[in-house]
Each structure stands twice: as structure tokens, then as C-alpha cells.
Amino acid sequence: MREKNTVTQDSLLIHNIRALVTMDANGRELHGAFIYAVGGEIKLIGERLPRGLKATRTIDGSGCVAIPGLINTHHHFCQTLTRALAAAANAELFDWLRVLYPLWARIDEEAVNIAALVGMAELMLSGCTTTSDHHYLFPRGQGKLIDAEIAAARKIGIRFTATRGSMSVGESKGGLPPDCVVQDEETILADCERLVHAYHDPRPGAMLQVALAPCSPFSVSPRLMRDTAAMAERENVRLHTHLAETKDEESYCREHFSMRPLELLESVGWLTNRTWVAHGIYFNRAEVKRLGRAGVGIAHCPTSNMRLGSGLAPALALQRAGSPVGIGVDGSASNDSSNMLAEARQALLLQRLGHGAAAISVQQALRMATVGGAQCLGRTDIGSLEPGKRADIALFDLRDQAYSGAADPVAALLLCAPSTVRTLMVEGRVVVDNHQLTTLELAPLLARHRRIAARITGARRTC
Ligand SMILES: [Zn+2]
């Protein structure tokens, strides 16, 4: 029988969930549980389904573990076009960048849109409901590349924080990138402002936010960092950049600014809780404390850090000091995968390798990939499953081969090889159903992506 009062708005009921991992403040885990959401917001969760509760869509969660949708805090989608490139396969960051910059100089709106769709599709199939992307490459004549990523997010249905990256110091001025991929600072700032005004939605439940993100100490000027921080303050948006990723970066900062990377960050007004930085490997103890006191967030990118041989980030010490710590898959030329569940597993394994098995539990690793990620992106409406939060939910089927025989649902997700998500909901909308995306057809997208990748990696050097 249809009950008028419960079906007038889009509502969702997931019941019979074997294990519901709330990631709330008490770390509650419910069994034989249900989640009820209306209009994209969770209204009720529990173990005893109220009689007569009906929804416009009902999903049977038998055999499944439900977790908050994973949150990716650092990526470069356009790098899906230059994955596993032989010339960059065995290099450290600066040499790796020198190989890739000239290829990235060939991107256009179509390439960025298709690359973003592929990266987002991979993330979603791994249980990710919210992602950021740090796009900082704007070859001449290619101004609307963030718009192309935003169009991709809208099409595929993922929650998105677009970060408007930038590079303004090319080789001729002592920076690392070639001059053909840097922009002048007035153009950068004007586009940042345009994007914030056109797209940033500060409201709870926002599907789209914009943050400002000069690329790194070796590709922008302190003046641009300062002006960007002032704009972020004025517009009330977040700040993001790469920091303390390698020893080479530290040497560059000493040589060019006579400062350590964190001193540079502080000198340009970025040591605030508006900021989250990617990597954060080379901080000393006093710096970890300063970051924690200021509430600067860290996007921990374990696979990228191992792949490039960059180092082990003091993620747990930063967390203890007070910094929000989330997880990032990082760009697809240094991972070379956009699997958020695999990345949470890598964070667990890498931190254990560094500090022992007791240093981080499977629940803590999952917390980094959910609650920690939400904090980095400055959001209080996502990251946990409880009434009042958005209905961003990932259901993994514990009957999949990868989990077969596993006793504990959370341990299974983090310790076994990751399976694809069975069902994924963003804002209460089913975007992955039975391991397949519902919002687009994957095969033609991948065919188009391969064609663009071949064009970008195949042509002769253009700059
Ligand atoms: Zn990065």
C-alpha cells in the first residue's frame, strides 16, 4: 500500500544490511540494520525497522557492509591520459614531471572532460562518492578546463570539489614547468574568481564546491600564494596545494626563498584551517605541531609516495597534533589508479610498515578515508552515516570472491583485495547498481579515452 506521507519526496530505504559502519563519533557498527533517507538526507538509521516505513526505492542490503561513501582529497584527473608511461615509470618527482609536462601541454577541453569522467568512474566503482581534483595545467588558449571537469561531475553524478590550480613560474623564471604551461597571475586570479562566482555552492548538501589551489612552491610565486589566500578569505572558499612532498622541493625552497616549505606556507598566510595540503612528508616535529595547532589538513597519498619513492608521511603524528588527515589517490600518472578503497588499504599498510601494526586499526584507516576526508574538504554534512548527514552510501557485497570467508566486515574491506562496490548512492541517488554505473556507459567512454591518450602520448614534443 502506498503511504502518501512517505512517498511524496524521493526516499530511499536500505534494509537487511549485514553490517552498517556509521563512522559516527562513537564508531558505532549496527547489524541487520537499515538506513532511511528522504530528499538526499539520512533521516533514520537503526537495527529495528519501524513498521510501515516505505520508500520510493528500497534496496536489500543482505550480505552487504554499508559504509559512508569514500572521500578522495587529492587527484589530477587529466593524468589518466598518461598512465604507466615507460619514460616516467621509474623516475622520482622532478624528473617524472619533466617527462610529463610537455605531454600534458597537449590537453584540451575534450581531453580533460573525458579524463575526468574516467577518473570519476573508477573512483565511484571503488566506493567513492565525493572527490576533489587539482587541475593546474592551462596550455595557451585552453581557459575552460575546470568547467570541463565540472560538466563531467554533473554528468556522472559524483559530489565534487573542483580546485582551480595554477602555475605562474616557468623555466625561464627559475621554476620547474616549461613556459608553455604557465599562465600570468592576473589571468589566474580572474579565472579563480569567475569559477567561484559561477559554481561554488556553500550550502549543506552541495554537489559542487570550488577551492583555490596554486600548484607547488616550485611553480608559483609567493605573491600568487598571498593573493590567492586573500581571495579565499574574501570568498570563503578553501585553499589547497602540494607541500613537503620531496627532498628536492625542500632544497628548491631553501635555494629560492631561504625557507623550509612550511615556513614558506606560513609566510604567505596559508597556515590556517582553511588549508589542506597534499603529501606533507618532510615536516619536522616542531612543524607537525604547528600544522596541528593551525588545523591545516593533510591529503595522505600513500601509493603515489611509494611509487615515486618520495617518502613516508607522518600522517599519524599530524593527526595526533590536531590536523585533519584524509586520503588521496593522487594523479593517475603516479598511482596509477583511482581506487579509493585500495588507497585506504595502502594507508593502513604503509603506516603499519612505518610504525607497527598497533599504530593504526582498520577502523582508523577507514575513518581517514571518510571523516578525515570530509574535514579536509571543509564539510560537516558528509563522511558518516547518521541522521542529518547526506545519503552518500557505499554497499560492498561480502559474498564477492575477494571477501569470501571473511569474518569481520570492516577488516574484510581493508585487509582483502578491494572488490568493486555493489551499490553506490550519492545524495540518495543510486549511481552504481549491481557493480555497474547507472549514469553512463563505460565501454564507449573508455574507447574515446584510449584514443585521446594515444594522441597525447604519441605525438612529437610540442614544447
Ligand atoms: Zn598531486
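This section describes the zinc site and the salt bridges of the structure.

The model is predicted; local features require pLDDT of at least 70, side-chain atom pairs count only at pLDDT 80 or more, and totals for chains, interfaces and linings use all residues. Residues are numbered from 1 along each chain as its sequence is written, and side-chain values use heavy atoms, with hydrogens and water left out.

The zinc ion is coordinated by NE2 atoms of His74, His76 and His242 and by OD of Asp330, at 2.1 to 2.5 Å. Donors are here N, O and S atoms within 2.8 Å of the metal (3.2 Å for Na, K and Ca); water is not among the atoms, so sites may look incomplete. The angles among the 4 donor atoms range from 88 to 173 degrees, and the site is classed as irregular. Four donors count as tetrahedral if all angles lie between 85 and 135 degrees; four count as square planar and six as octahedral if opposite donors are over 155 degrees apart and all others between 65 and 115, and anything else is irregular. Along the chain, the donors of the zinc ion follow the spacing H-x1-H-x165-H-x87-D. His76 lies in the loop between strand E6 (70-72) and helix H2 (93-104), whereas His242 belongs to strand E10 (residues 239-243), so the pair ties together parts that are 166 residues apart in sequence. Helices (H or I, at least four residues) and strands (E, at least two) are DSSP runs, numbered from the N terminus. His76 is buried, with a relative accessible area of 4%, and His242 is buried at 7%. Buried means under 20% relative accessible area, exposed over 50%, and partly exposed in between (1.4 Å probe, protein chains only).

The structure holds 27 salt bridges, each defined as a side-chain nitrogen of Lys or Arg within 4 Å of a carboxyl oxygen of Asp or Glu. One of them joins Asp433 and Arg57 (3.4 Å, N to O). This pair links distant parts of the chain, with Asp433 in strand E16 (residues 429-433) and Arg57 in strand E4 (residues 57-60), 376 residues apart. Asp433 is partly exposed at 33%, as is Arg57 at 36%.

A salt bridge also connects Glu185 and Arg223 (3.8 Å, N to O). Glu185 lies in helix H5 (residues 185-199) and Arg223 in helix H6 (residues 222-235), 38 residues apart. Glu185 is buried, with a relative accessible area of 11%, whereas Arg223 is partly exposed at 43%. Arg223 forms a further salt bridge with Asp227, with the closest N and O atoms 3.4 Å apart; both residues lie in helix H6, 4 residues apart, about one turn of the helix.
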